[in-house]
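The structure is shown first.

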Amino acid sequence: MLIHSTWILTVSEPTILPRSYNLELVKILHNQIGLQIGSEKIPSTSFSGICGHFFTKQDFIAFEPQEFYHLSLSGLKEDSSKAIAGLNLNEYLEFLGAKFNIINREDKITSYEELYTKLVANEPEPVRRFDLQFTTPTAFGQSSGSLPLPLPSLMFHSWLERWNNFAPVYLGGDELITYLNNALFIKHHRIQTRNVQIYKGYINGFMGEVTLQIFNRADSLLANVADLLVQYAEFAGTGMKTRLGMGQTIVNINN
């Protein structure tokens with residue numbers, strides 16, 4: 001089972017939170033669903049933080065009453081997905097002295113088997129263009145720190161690592177990443193960097209739009225595997241610290 005749940009939020013009055021609020025909020029949500037943060041090498045959840053139009057000033061974020069915000073939480077395996085499906089936040093979300101009204105909840109539910117059958121096993125006509133939107137800062141872990149660039153090899157490695165760890169169908173290893181990296185290119189991007197506070201430090205990540213294009217010569221089966229991993233990104237997120245609010249990914253597909 002895979003789930004991607006999104007709550008629509010508002011505030012009744014101007015509301016200020018510290019920029020580091022994500023850690024406190026993700027702890028609260030994980031406590032409510034009975035999951036411990038940091039116990040997994042590869043996290044079985046991804047989390048968006050509160051997204052939308054807000055103002056930042058030094059170490060604080062200001063939320064406005066006239067705006068709509070959204071909060072997403074995804075489960076990548078059966079127990080975490082079922083726990084998220086059963087999470088009831090009622091009418092309000094309160095933490096650190098802030099109160100958010102919950103307007104609506106939307107759930108996107110599928111399974112690894114369903115995704116694989118629909119996008120690969122049934123051999124559909126390949127999708128060769130993917131429009132991705134990175135709605136929270138996204139970066140990839142490097143030995144010297146982090147890299148805030150949408151390199152296709154790093155994006156696919158991120159998605160493939162999670163898929164192979166949780167899915168019943170193994171897709172491949174480094175040879176698949178090498179093939180995909182040679183089979184597609186970045187056709188367009190409009191990104192900017194933005195730092196996010198994690199614990200007591202800051203990580204620089206990229207946000208914005210990235211379009212990937214697969215060459216027509218690329219094998220149809222491998223193109224469909226690329227499609228599968230891109231679709232999976234909406235659940236898994238992209239890159240590092242996805243359970244703490246980084247790497248949230250939205251996919252728009254054009255044939």
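## Surroundings of a strand residue

Beyond its neighbours within four places in sequence, His189 is in contact with Glu209 and Val210. The model is predicted. His189 is part of strand β12, which covers residues 184-198. Met155 is 34 residues away from His189 along the chain, and the C-alpha atoms of the two are separated by 14 Å.

## A sheet of 3 strands

An open sheet is formed by 3 strands in the order β2-β5-β4, and the pairing is antiparallel. Strands β2 and β4 stand at the edges with a single partner strand each, so one side of each has no neighbour in the sheet. On average, neighbouring strands of this sheet are turned by 25° against each other, direction ignored. Between β4 and β5, which run antiparallel, there are 3 bridges. Thr56 stands opposite Ile61 in β5.

| β2 | residues 15-18 |

## A helix pair

Helix α5 (residues 174-183) packs with helix α6 (residues 220-236) at an angle of about 100°, and their axes are 11 Å apart. Because of this angle, α5 is roughly perpendicular to α6. On the α5 side the contact is made by Leu176, Tyr179 and Leu180, and on the α6 side by Leu222, Val225, Ala226 and Leu229. The residues of this contact comprise 7 nonpolar, no polar and no charged.

Definitions and conventions. Residues numbered from 1 in each chain as written. Predicted model: local features only at pLDDT ≥ 70, side-chain atom pairs only at ≥ 80, totals over all residues. Heavy atoms only, no water. Axes fitted to C-alpha atoms, helices over the stretch in contact; angles between N-to-C directions. Helix = DSSP H or I, 4+ residues; strand = E, 2+ residues; numbered from the N terminus. Parallel < 35°, antiparallel > 145°, perpendicular 65-115°, else oblique. Contact = heavy atoms within 4.5 Å. Nonpolar A, V, L, I, M, F, W, Y, C, P; charged D, E, K, R; others polar. Pairing = 2+ DSSP bridges.
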